[in-house]
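Please brief me on the strands, helices and selected residues of this model. Keep it brisk and grouped by topic.

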Amino acid sequence: MCGIVGFVDKKTQSEKAVIIKDMMDAIIHRGPNSAGQYIDDDAALGFRRLSIIDLEGGSQPLYNEDKTKVLTFNGEIYNYQSIRKELVEKGYHFKTNTDSEVLIHGYQEYGVALLQKLRGMFAFVIWDTEKKELFGARDHFGIKPFYYYTTDEVFMYGSEIKSFLHHPSFKKELNKEALKPYLTFQYPAIKECFFKNVYRLPEGHYFIFKDGKLDIQQYWDLHQEEKDMTREKDSIYMTLEEAVNFIDETVQESVATHKIADVEVGSFLSSGVDSSLVASILKPAKTYSVGFGTSYNESTEAKALTDILGLHNTSRTLTGEEAFQYFPQIQYYLDEPDSNPSVVPLFFLSELAARDVKVVMSGEGADELFAGYIDYGWHSNSMTVRKLGEALKKLSQSKRHKLSAHLKKLPNFPGKLHLLKAVQPAEEYFIGQALVFTEEEATAIVKPEYRKSPSVKDIVMDKYAKVKNLSEIKKMQYLDMHQWMPGDILLKADKMSMAHSLELRVPLLDKKMMECAEVIPTKYLFNEHNTKYAFRQAAFRHIPKEWAARPKLGFPVPIKDWLRTEKFYQIVRAEFSKDFVGEFFDQKAVLQLLDDNFQGKVDARRKIWTLYTFITWYDVYFIQGGNKPQVA
């Protein structure tokens, strides 16, 4: 695990060594163990290393035999040993025992087709010194970050945007189009980042940069077919027991595969089913939990589970004072504003684990792969209504959509929302797992110069258009996998863990896990009994039913209490009152919203937190200059 930076720039010559070092130093937290660089007349590649595999011999950059190709790599390739064996049989000689070296020899042998063989989390580049060509790729799901910035003069890339601030050709400028969608989605929702001309390489894509031209291509996507494998007449028939067995076997295999390391591997542990299942199978020597006070403290339940499983748990209780004290630093590490409240406990949880270990496993991915969100179709507590909703989903798409139009015209009645969502096209109402400000509310609160941006519909329809013939649940899963996961869940998971030089692995979000999830019939994913139904049945085999059956909570964070506590309310009000806030927002309106919430007239916690997050982030990067905020 590490951080990578670099640039292709023929004009900058004598300063290359200084620039690349400054860029590398900006992300030293990603790799405190060692550093390396490559420089020639055209390019500079930099690397910071966190030693996980082949502790002594894994330094980068790595070269092929004649040194015509140079590699820097961030991530883990979990099937590197089998790929290495193939390459050795083909005559390649390896100088290290790292997973990194299979990438450079694999690219020599297979070219872009290498990406189809890889299983892991990765972002890497290979510079061809003869062709003057830069090749790079990002993993299937976007677990590892990869940003790039390009102008007529330079192409630069990195694991974190903050490294770009140290290149003289980088023009730090706010992307005005990013603000309004952010207010709706709570995370950077469009292709261009909050910094103008900075983009993320999309998940499952590779690029080639040559002669000033950038070519980006997709190499992988979710399987986009759907078969009803619950009917005996079909060529493939899957019973519930077979589905549960398949999930159980795949989870166990994935956790075992993700254990590969030359250092100790710990585990995060919350009160939910996903991290509990991972920990119960991994059986690490150490697990870690955090919580707030008594009402928001998952560490109590985590400790109870580890007592049952015979594992050790380290936990700590966080305070609101700590959260607000470190919040500017949290936004610094994120690079872009993300108002998901869970970034706060995740930051402190990572710090706690990093005291003991370099690697942890976590439970991200299961909700998206196996339909764990109630927004996928649970809008009633009545079992009768849920069963009726499941029956309606079996109607043809045209009949469901006609029924949706009829239901909309009816007056409200108990269960109407659930039934409407059961037959309504997902495109009409679902934008992912976060909806803070409606598009109309966001437009009203931002200044006119920030209203020009891609619409919410434009953002989501780009994904929906690729799966228009699938079931509504499959559509929603697809959108979340390409919007919510890389934009929010994986962004904060990587940035908050690497802020403390900690590698976070996600065995439930894996190529093999995806292949499993794709063939589980929809009725076993989500039904009237529970979300993530078959997955929970598999979890019953490893953890107590009480944990496996729990509804999804996320990281409980007491922002409602904080924003109605005088001292924290005053902290936020001081931020909202700063002069620059009026550049972006109707300042009087945001202050009124904050005051009304404090007085209990409205519950606007999510909106206030989203505003507070952006204001804090902007202050760090544009008012204070982008340096790491110090904590007194």
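This is a predicted model: local features need pLDDT of at least 70, side-chain atom pairs count only at pLDDT 80 or more; totals for chains, interfaces and linings use all residues.

Residues are numbered from 1 along each chain as its sequence is written, and side-chain values use heavy atoms, with hydrogens and water left out. Helices (H or I, at least four residues) and strands (E, at least two) are DSSP runs, numbered from the N terminus.

**The parallel sheet**

- Five strands make an open sheet with parallel pairing, in the order β15-β14-β13-β16-β17. Two strands pair if DSSP finds at least two bridges between them.
- β15 (313-318) and β17 (503-505) are the edge strands, and each pairs on one side only.
- From one strand to the next, the twist averages 30°. Axes are lines fitted to C-alpha atoms, for helices over the stretch in contact, and angles run from 0 to 180 degrees between N-to-C directions.
- Six bridges join β14 (residues 287-292) to β15 in the parallel sense. In this pair, Val 290 stands opposite Arg 316 of β15.
- Helix α6 (residues 273-282) lies across β13 (265-268) and β16 (359-361). Its direction is at about 155° to β13.

**Ser 267 in the sheet**

- Ser 267 belongs to strand β13.
- Ser 267 is buried, at 0% relative accessible area. Buried means under 20% relative accessible area, exposed over 50%, and partly exposed in between (1.4 Å probe, protein chains only).
- Neighbours within four places in sequence aside, Ser 267 is in contact with Val 278, Ala 279, Leu 282, Pro 284, Lys 286, Thr 287, Tyr 288, Val 360 and Met 361. Contact means heavy atoms within 4.5 Å.

- Strand β7 (residues 133-138) has six of its six residues buried, so it is largely enclosed by the rest of the structure.
- Glu 133, Phe 135 and Ala 137 point one way from β7, while Leu 134, Gly 136 and Arg 138 point the other way.
- β6 (residues 120-128) pairs with β7 in the antiparallel sense over six bridges. Phe 124 stands opposite Ala 137 of β7.
- β6 and β7 form a hairpin with four residues between them. In the turn, Lys 132 has a positive phi of about 55°.
- β7 also pairs with β11, in the antiparallel sense over five bridges. Here Glu 133 stands opposite Lys 210 in β11.

**Helix packing**

- Helices α12 (residues 397-409) and α13 (residues 416-423) pack at about 150°, with their axes 8 Å apart. That makes α12 roughly antiparallel to α13. Angles under 35 degrees count as roughly parallel, over 145 as roughly antiparallel, 65 to 115 as roughly perpendicular and the rest as oblique.
- α12 and α13 cross in the left-handed sense. A crossing is left-handed if the near helix is turned anticlockwise from the far one by less than a right angle, and right-handed if clockwise.
- From α12, Arg 400, His 401, Leu 403, Ser 404, Leu 407 and Lys 408 meet Lys 416, Leu 419, Leu 420, Ala 422 and Val 423 of α13. This contact has six nonpolar, two polar and three charged residues. Ala, Val, Leu, Ile, Met, Phe, Trp, Tyr, Cys and Pro count as nonpolar, Asp, Glu, Lys and Arg as charged, and the others, Gly among them, as polar.
- The axes of α9 (residues 343-354) and α17 (484-498) come within 8 Å and cross at roughly 35°. The crossing of α9 and α17 is right-handed.
- Val 343, Leu 346, Phe 347 and Ser 350 of α9 touch Lys 492, Ala 493, Met 496 and Ser 497 of α17. By class, five are nonpolar, two polar and one charged.
- Helix α16 (residues 472-482) is mostly covered, with 11 of its 11 residues buried. Its buried residues pack against α10 (366-370), α12, α15 (456-464), α17, α18 (511-519) and α19 (522-525).

**Positive phi in loops**

- Asn 197, in the loop between α4 (179-185) and β10 (198-200), has a positive phi near 70°. Asn 197 is partly exposed, at 31% relative accessibility.
- Asp 211 sits in the loop between β11 (205-210) and β12 (213-218). Its phi is positive, about 55°, although it is not a glycine. Asp 211 is exposed, at 60% relative accessible area.
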